[in-house]
Amino acid sequence: MRVSFFPVLFLLLPLLEIAAFVLVGKQIGALATVGLVIASSVAGSLLLRHQGLGAMNKVRAAMEKGEDPSLQLATSAMAVVAAILLIVPGFITSAIGLLVLLPPVRALFWRLFGRRVVFTGQFSASGFRRGRDGRTIDLDSEDFQRSGQGGGRPDADSPWRRLPEE
């Protein structure tokens, strides 16, 4: 019988965060503890705003150069996750968020989990293209209309209704 890790984590993490609040509060005082939590949340919000805008620019620049943007996309996603962990009130989540912000830690995550990242496009020197499976018909909005709504019936002889034989 396999026990999932996430329900245990969601039950245990709030208890650990409360214990961390109590321990830090004893050492530096309640007001300083609340100040640290607020400062962490503000820093995470600013980082999330910066990383959200910067992530798209990094991926776009890699694609314009004709490079594979998977590393930029993954590191940007990890930075966004780190920012969200900083926003969540708590010292343990903030510490994990700060660790994820470090480039060596992100590089370690990429080495460990990068093989599991799968893109569903084709990469060529001219950039990414969606994979064509022979069953996809690309239409503009003016090429498509629902003839059944205007009282007419769909044309059974239309080439758009037939798929090529496989």
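A pocket, as I use the word here, is an open set of grid points with protein on both sides within 12 Å along at least five of seven lines, and a lining residue has an atom within 4 Å of a point.

**Entry 1: the pocket**

I am working on a predicted model. I went to the second largest pocket and asked which element gives the most to its lining. I found α3, with 4 residues. The volume of this pocket comes to about 270 Å³. Its lining counts 11 residues, and the closest to the centre are A74, M78, V81, F109 and F113. I then looked up which elements give two or more residues to the lining: they are α3, α4 and α5 (103-113).

**Entry 2: the whole chain**

I stepped back to the fold. I count 5 helices and 2 strands in the protein. Along the sequence the pattern reads α-α-α-α-α-β-β. What share of the 166 residues is buried? I get 19%. The accessible surface is about 13000 Å², and carbon and sulfur atoms hold 64% of it. Residues 24 or more positions apart account for 58% of them.

**Entry 3: helix α2**

I tested the length of α2, which covers residues 30-64. At 1.5 Å a residue, its 35 residues should span 51 Å. I read 51 Å between its end C-alpha atoms, so expectation and model agree.

Next I listed the buried residues of α2. They are T33, V37, S40, S41, G44, L47, Q51, A55, V59 and A62. I kept a general point beside that list. An α-helix has 3.6 residues a turn, so residues three or four places apart point the same way.

What covers these buried residues of α2? I find α1 (5-28), α3 (70-87) and α4 (91-101) among the cover. After α2 comes G66, and I note that its phi is positive, near 85°.

**Entry 4: aromatic pairs**

I searched the whole structure for aromatic pairs and found 2. One of them joins F21 and F91. F21 sits in helix α1 and F91 in helix α4, so the pair ties together parts that are 70 residues apart in sequence.

F21 has a relative accessible area of 28%, so I log F21 as partly exposed. F91 is at 18%, so F91 counts as buried. The cut-off for buried is under 20%.

**Entry 5: S94**

I stayed with helix α4, where S94 has its place. Is S94 buried or exposed? Its relative accessibility is 8%, so S94 counts as buried. What does S94 touch, leaving aside neighbours within four places in sequence? I find S40, L85, L86 and V88 in contact with S94. S40 also stands in my list of buried residues in α2.

**Entry 6: P103**

P103 has a relative accessible area of 55%, so I log P103 as exposed. The cut-off for exposed is over 50%. I then took the distance from P103 to T75. The two are 28 residues apart along the chain, and their C-alpha atoms are separated by 8.5 Å.

Note on methods. Residues numbered from 1 in each chain as written. Predicted model: local features only at pLDDT ≥ 70, side-chain atom pairs only at ≥ 80, totals over all residues. Heavy atoms only, no water. Buried < 20%, exposed > 50% of the residue type's maximum accessible area, 1.4 Å probe, protein only. Contact = heavy atoms within 4.5 Å. Areas by Shrake-Rupley, 256 points an atom, 1.4 Å probe, with all protein chains shown as cover. Expected span 1.5 Å × (residues − 1). Phe/Tyr/Trp six-rings, centres within 6.5 Å; stacked < 30°, edge-to-face > 60°. 1 Å grid on protein atoms, 1.4 Å probe; cavity = no way out; pocket = protein on both sides within 12 Å on 5 of 7 lines; lining within 4 Å. Points joined across faces, edges and corners; volume = space filled by probe spheres on them.
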